[in-house]
Amino acid sequence: MRTPGQAVSLSPAQAGLQSLATGSVGAALLAVEQALNGSGDWISAHQLVKQVASAPVDAAAHTGLYYGAPAVLFLLHAATADGHERYTAARKALDGHVRRNIRERLSNAEDRLRAGRPAVFAEYDLFYGLTGYGALLLQYAPGSAELGDVLAYLVRLTHPRTDDGQQVPGWWVDHDPDALLPTPGGHANFGMAHGAAGILALLALSTRQGRQVDGQTEAIARLCAWYDRWQQESEDGPWWPQWLTREELHSGVPTVRVAGRPSWCYGTPAIARALQLAAIATGQRTRQRAAETALTACLSGPQLNRITDPGLCHGWAGLHQTAYRAASDAFTQDLAAILSALAERLAHCAADPGDNGFLTGHTGLVLAQQAARTCAPPQTRWDTCLLLT
């Protein structure tokens with residue numbers, strides 16, 4: 001494996017090799033999972049891992065959990081889930097690049113905070129930001145100073161700030177959530193992929209694993225209060241907006257009046273899982289029951305009719321994996337009782353043959369289908385990159 005000491009130009013094919021979201025990292029992760037659970041072999045898995053790691057690995061500042069050195073490191077650590085040391089030299093080399101990037105990212109975030117500028121997704125989110133880096137460290141270096149610094153940064157991000165004379169949450173961004181969905185003046189994101197649910201899940205999972213920094217419990221409480229404030233009620237159960245614009249934050253009323261698609265990336269399922277994790281981490285049984293009730297209502301109501309995609313990001317695969325992890329922690333059997341129906345729907349899903357990716361395509365679908373079929377936790381714990389566990 002080669003990692004560049006200086007910036008190098010990568011071809012689109014080389015860049016695609018090291019993408020967890022859409023490229024070869026996901027396919028290699030599936031092969032490793034199958035080798036570990038006995039449905040595949042290590043020869044095939046090693047060939048795919050070698051394909052990913054043999055080219056120069058992008059370790060530049062724009063990388064994150066779903067692309068470049070962190071994504072490849074996530075894959076290589078997954079290959080050690082059975083306790084066997086594999087790819088030791090490559091993991092050590094990538095670890096140095098990842099930790100260097102984290103320190104640089106934190107320094108840049110500190111400069112931004114001091115200047116009073118709003119954040120951007122790439123600074124803090126799960127896909128490319130510090131939440132994703134934190135999720136990676138929590139798995140392979142939970143005692144590291146870098147994880148402590150990431151957690152301290154996220155704690156700070158939960159404090160409100162003033163932007164253009166208006167109080168906004170600390171993770172407020174001044175750009176749109178999507179090029180096709182303008183939010184003039186910025187927005188506050190609720191989702192797991194780009195918003196507060198990802199921050200909350202990482203803080204809660206870290207607390208649950210015994211890794212805490214000053215103010216972490218209070219930060220969890222602030223985020224839970226945020227979701228309490230913006231929880232919407234309907235006949236089909238509680239739900240939350242995907243994001244809030246400046247105008248909605250000022251008026252106190254979301255423009256959208258019905259629940260959106262119940263997906264992992266946005267929507268009730270992942271938010272409810274993050275709130276459940278927060279409640280478990282802080283010992284709040286009432287809050288835990290409320291989160292599980294919200295998820296159960298979502299999974300058994302007409303909101304499911306909005307799911308048309310098979311994949312992890314916003315389809316049946318992500319929905320089942322979220323429900324599976326939540327059910328394993330739940331007080332009652334209500335969520336477990338729903339899983340068989342979700343698993344049956346998932347079993348009949350087929351991905352677009354042109355999409356072999358982890359987030360929306362064949363790779364993620366097969367990983368979720370295997371977990372549903374066996375009713376067992378994945379050997380590689382691949383869903384840690386979704387902050388579900």
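Which residues in helix 7 meet which residues in helix 9? On the helix 7 side they are Thr131, Gly134, Ala135 and Leu138, and their partners in helix 9 are Gly198, Ile199, Leu202, Leu205 and Ser206. Sorted by class, this contact has five nonpolar and four polar residues, with no charged ones. Before going further, please keep in mind that this is a predicted model.

**How the helices pack**

Two packed helices are described by the angle between their axes and the distance between those axes.

| Helix pair | Angle between axes | Distance between axes |
|---|---|---|
| Helix 7 (residues 130–140) and helix 9 (residues 196–208) | about 20° | 10 Å |
| Helix 10 (residues 216–230) and helix 12 (residues 268–282) | about 140° | 11 Å |
| Helix 15 (residues 334–347) and helix 16 (residues 362–374) | about 140° | 10 Å |

Let's take the pairs in turn. Helix 7 and helix 9 pack at about 20°. Angles under 35 degrees count as roughly parallel, and therefore helix 7 and helix 9 are described as roughly parallel to each other. Their crossing is left-handed.

Helix 10 passes helix 12 in a left-handed crossing. Helix 10 brings Thr217, Ile220, Cys224 and Tyr227 to the contact, while helix 12 brings Ile271, Leu275, Ala278 and Thr282. Six of these residues are nonpolar, two are polar and none is charged.

Now for helix 15 and helix 16. With an angle of about 140°, this pair is therefore oblique too. The crossing is left-handed. Ala343, Leu346 and Ala347 of helix 15 touch Leu365, Ala368, Gln369 and Ala372 of helix 16. By class, the contact has six nonpolar residues, one polar residue and no charged ones.

**Spaces in the model**

How many cavities of 30 Å³ or more does the count give? The count comes to one. The largest cavity has a volume of about 40 Å³. Around the largest cavity you will find Trp239, Trp240, Gln242, Ala259, Gly260, Arg261, Gly267, Thr268 and Gln303. This lining is made up of three nonpolar, five polar and one charged residues.

The largest pocket holds about 300 Å³ of space. It is lined by 15 residues, and those closest to its centre are His194, Cys265, Tyr266, Cys313 and His314. In the lining of the largest pocket, nine residues are nonpolar, four are polar and two are charged.

How values were computed: Residues are numbered from 1 along each chain as its sequence is written. This is a predicted model: local features need pLDDT of at least 70, side-chain atom pairs count only at pLDDT 80 or more; totals for chains, interfaces and linings use all residues. Side-chain values use heavy atoms; hydrogens and water are left out. On a 1 Å grid over the protein atoms alone, a cavity is a set of points where a 1.4 Å probe fits but cannot get out, and a pocket is an open set with protein on both sides within 12 Å along at least five of seven lines; lining residues have an atom within 4 Å of a point. Grid points are joined across faces, edges and corners, and a volume is the space filled by probe spheres set on the points. Ala, Val, Leu, Ile, Met, Phe, Trp, Tyr, Cys and Pro count as nonpolar, Asp, Glu, Lys and Arg as charged, and the others, Gly among them, as polar. Axes are lines fitted to C-alpha atoms, for helices over the stretch in contact, and angles run from 0 to 180 degrees between N-to-C directions. Helices (H or I, at least four residues) and strands (E, at least two) are DSSP runs, numbered from the N terminus. A crossing is left-handed if the near helix is turned anticlockwise from the far one by less than a right angle, and right-handed if clockwise. Contact means heavy atoms within 4.5 Å. Angles under 35 degrees count as roughly parallel, over 145 as roughly antiparallel, 65 to 115 as roughly perpendicular and the rest as oblique.
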